[in-house]
Amino acid sequence: MVKQQPNWSPYDNNGGSCVAIAGADYCVIAADTRMSSGYNILTRDYSKICKLHLIYQHQHNKQMSCPAMAQLLSNTLYYKRFFPYYAFNVLGGLDNEGKGCVFTYDAVGSYERVGYSSQGSGSTLIMPFLDNQLKSPSPLLLPAQDAVTPLSESEAVDLVKTCFASATERDIYTGDRLEIVVLNADGIRREYMELRKD
Amino acid sequence: MKLDTSGFESTVPFFGTSSDLLGGLSAAPSFDIPATTDFDGFQKDAIQMVKPAKGTTTLAFIFKEGVIVAADSRASMGGYISSQSVKKIIEINPYMLGTMAGGAADCQFWHRNLGIKCRLHELANKRRISVTGASKLLANILYSYRGMGLSVGTMIAGWDETGPGLYYVDSEGGRLKGTRFSVGSGSPYAYGVLDSGYKHDMSVEEAAELARRAIYHATFRDGASGGVASVYHVGPNGWKKLSGDDVGELHYKYYPAMPSTEQEMVEA
């Protein structure tokens with residue numbers, strides 16, 4: 001019997017990039033809004049950023065902390081270990097002390113807390129730039145050093161805009177519009193910036 | 001009298017059977033399986049997405065004062081360094097450590113699961129679990145998933161009533177008791193340094209320095225290892241992190257740039 005090749009794959013790569021940066025009292029999360037499949041653009045207005053805390057709040061009667069959500073996402077991904085979700089996630093928020101925290105994931109749920117991260121088709125272009133601008137001491141060093149960036153909130157937002165402007169130039173899957181979400185003690189703020197549409 | 005052989009059954013309950021004894025926490029979590037005739041091919045293709053971090057150097061050894069556990073912190077996906085700050089030494093509980101090599105998600109998930117099981121054992125039996133017991137629990141779980149594509153090469157190190165304990169456990173179902181192990185792509189280099197410098201009667205500082213050097217030399221020669229060399233010590237009162245040093249800085253500490261050499265090279 002000849003081995004059957006599958007006619008249909010459940011997976012599709014929709015492209016796009018996302019970035020998150022943790023600050024002393026804020027967290028910036030940004031993603032482009034282009035959704036593509038192969039060489040086709042499916043839509044230019046797809047939000048890749050979502051709010052996750054409401055279900056937990058109802059069940060546990062307290063605000064969900066970012067580290068708790070990080071573990072929840074890791075388990076959600078790992079339970080599909082043998083039929084993975086094709087998703088490379090970045091989770092951003094504020095921890096119990098109000099400091100920014102960013103968690104970065106692979107497709108099956110391995111995660112770690114970092115000072116900044118990018119995932120997606122543009123990550124190989126964006127990550128080296130962030131390393132150059134934000135290189136924070138490794139959390140593994142002893143004596144421990146703080147991983148959050150010393151940048152101010154507006155500087156971090158400008159940095160993110162620069163990242164995407166550059167990534168859009170060289171990555172065909174990144175572009176259209178940039179959605180930026182800033183979390184801090186005052187709440188959540190959303191901002192948009194136009195990117196190249198070609 | 002009919003013997004109870006349920007312990008020998010290795011098939012994993014895929015459809016979520018839960019044990020009341022463990023309060024709903026079943027022996028193994030249930031996993032969705034893709035509906036395909038070619039499971040192995042599917043896993044082989046899916047693994048491209050996961051690209052487990054096989055590049056690593058971890059080591060552990062027993063000596064007079066307990067167990068030293070050390071690891072690098074680089075994670076690579078193919079040729080891309082996905083992270084330089086991965087925690088490869090996992091704190092299972094205050095007196096037991098596990099190391100990570102192979103698939104990062106697999107190691108993280110199953111070590112956390114092992115920590116939960118160890119705690120349940122403590123509560124059910126009013127005493128801590130032995131290193132032998134903990135490593136056996138993990139090995140049995142991994143054996144039941146044998147052939148399904150998990151990638152785990154771990155060492156379980158701890159201190160129990162019988163003294164220091166060290167086991168190597170992998171996803172093929174292997175479990176070995178030993179006094180010196182190194183796992184990962186950088187392990188040949190680490191073994192070279194570790195084996196030549198090892199003495200049973202070392203002080204904690206000497207042993208930590210040996211481990212640090214072994215990890216450093218492995219990161220120097222192995223492209224898939226790097227980042228920060230972490231060293232932990234497990235003693236009778238539990239584990240303690242001794243050091244975390246950037247290997248780039250260790251290089252200049254061990255081999256400082258000599259001004260005279262540079263001068264020679266300019267003149268020649």
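Strands S2 (residues 26-32) and S9 (residues 177-184) of chain A pair in the antiparallel sense over 7 bridges. Here, two strands count as paired if DSSP finds at least two bridges between them. Helices (H or I, at least four residues) and strands (E, at least two) are DSSP runs, numbered from the N terminus. Within this pair, A:Val28 stands opposite A:Val182 in S9(A).

The model is predicted: local features need pLDDT of at least 70, side-chain atom pairs count only at pLDDT 80 or more, and totals for chains, interfaces and linings use all residues. Residues are numbered from 1 along each chain as its sequence is written, chains are lettered from A and ligands numbered from 1 in the order in which they are written, and side-chain values use heavy atoms, with hydrogens and water left out.

## The five-stranded sheet of chain A

S2(A) and S9(A) belong to an open sheet of 5 strands, in the order S8-S1-S2-S9-S10 (chain A), with antiparallel pairing. Strand S8 (116-120) and strand S10 (187-194) of chain A each have a single partner strand, so one side of each is left without a neighbour in the sheet. From one strand to the next, the twist averages 15°. Axes are lines fitted to C-alpha atoms, for helices over the stretch in contact, and angles run from 0 to 180 degrees between N-to-C directions.

Two helices meet this sheet. Helix H3 (residues 123-134) of chain A packs on it, touching strand S1 (17-22) and S8 of chain A. Its direction makes about 170° with that of S8(A). Helix H4 (residues 153-170) of chain A lies across S1, S2, S9 and S10 of chain A. H4(A) runs at about 20° to S2(A). Contact means heavy atoms within 4.5 Å.

## The three-stranded sheet of chain A

An open sheet of 3 strands in chain A has the order S5-S6-S7, with antiparallel pairing. Strand S5 (90-94) and strand S7 (111-114) of chain A are the edge strands, and each pairs on one side only. Neighbouring strands of this sheet are turned by 25° against each other on average, direction ignored. S5(A) and strand S6 (residues 100-105) of chain A run antiparallel and are joined by 5 bridges. A:Gly92 has A:Val102 in S6(A) as its bridge partner. Helix H2 (residues 66-78) of chain A lies across S5, S6 and S7 of chain A, at about 10° to S6(A).

## Chain B

Chain B holds 7 helices and 12 strands. Of its 268 residues, 50% count as buried. Buried means under 20% relative accessible area, exposed over 50%, partly exposed in between (1.4 Å probe, protein chains only). Among contacts in chain B between residues at least 6 apart in sequence, 61% join residues at least 24 apart.

| Strands | Bridges | Pairing |
|---|---|---|
| S3 (residues 75-77) and S4 (residues 80-83) of chain B | 3 bridges | antiparallel |
| S11 (residues 228-235) and S12 (residues 238-246) of chain B | 8 bridges | antiparallel |

S3(B) and S4(B) form a hairpin with 2 residues between them. B:Gly78, in the turn, has a positive phi of about 70°. B:Ala75 has B:Ser83 in S4(B) as its bridge partner. S11(B) and S12(B) also form a hairpin with 2 residues between them. There, B:Gly235 stands opposite B:Gly238 in S12(B).

B:Asp246 lies in strand S12 of chain B. B:Asp246 is partly exposed, with a relative accessible area of 30%. Not counting residues up to four places away in sequence, B:Asp246 touches A:Leu141, B:Gly227 and B:Val228. The C-alpha atoms of B:Asp246 and B:Asp72 are separated by 9.3 Å, though these residues are 174 residues apart along the chain.

## Cysteines

A search of the whole structure finds 0 disulfides over all chains. A disulfide is a pair of cysteine sulfur atoms within 2.5 Å. The sulfur of A:Cys101 is 3.1 Å from the closest cysteine sulfur, in A:Cys66, too far for a bond. A:Cys101 is buried, with a relative accessible area of 0%. B:Cys118 is in no disulfide, and the nearest cysteine sulfur, that of B:Cys107, is 16 Å away. B:Cys118 is buried, with a relative accessible area of 0%.

## Confidence

The predictor gives the complex an ipTM of 0.80 and a pTM of 0.81. The mean pLDDT of chain B is 86, and 84% of its residues reach 70 or more. pLDDT is the predictor's confidence in each residue, from 0 to 100. Over residues 10-24 of chain B the pLDDT is below 50. Beyond near neighbours in sequence, this stretch has 21 contacts in the model.
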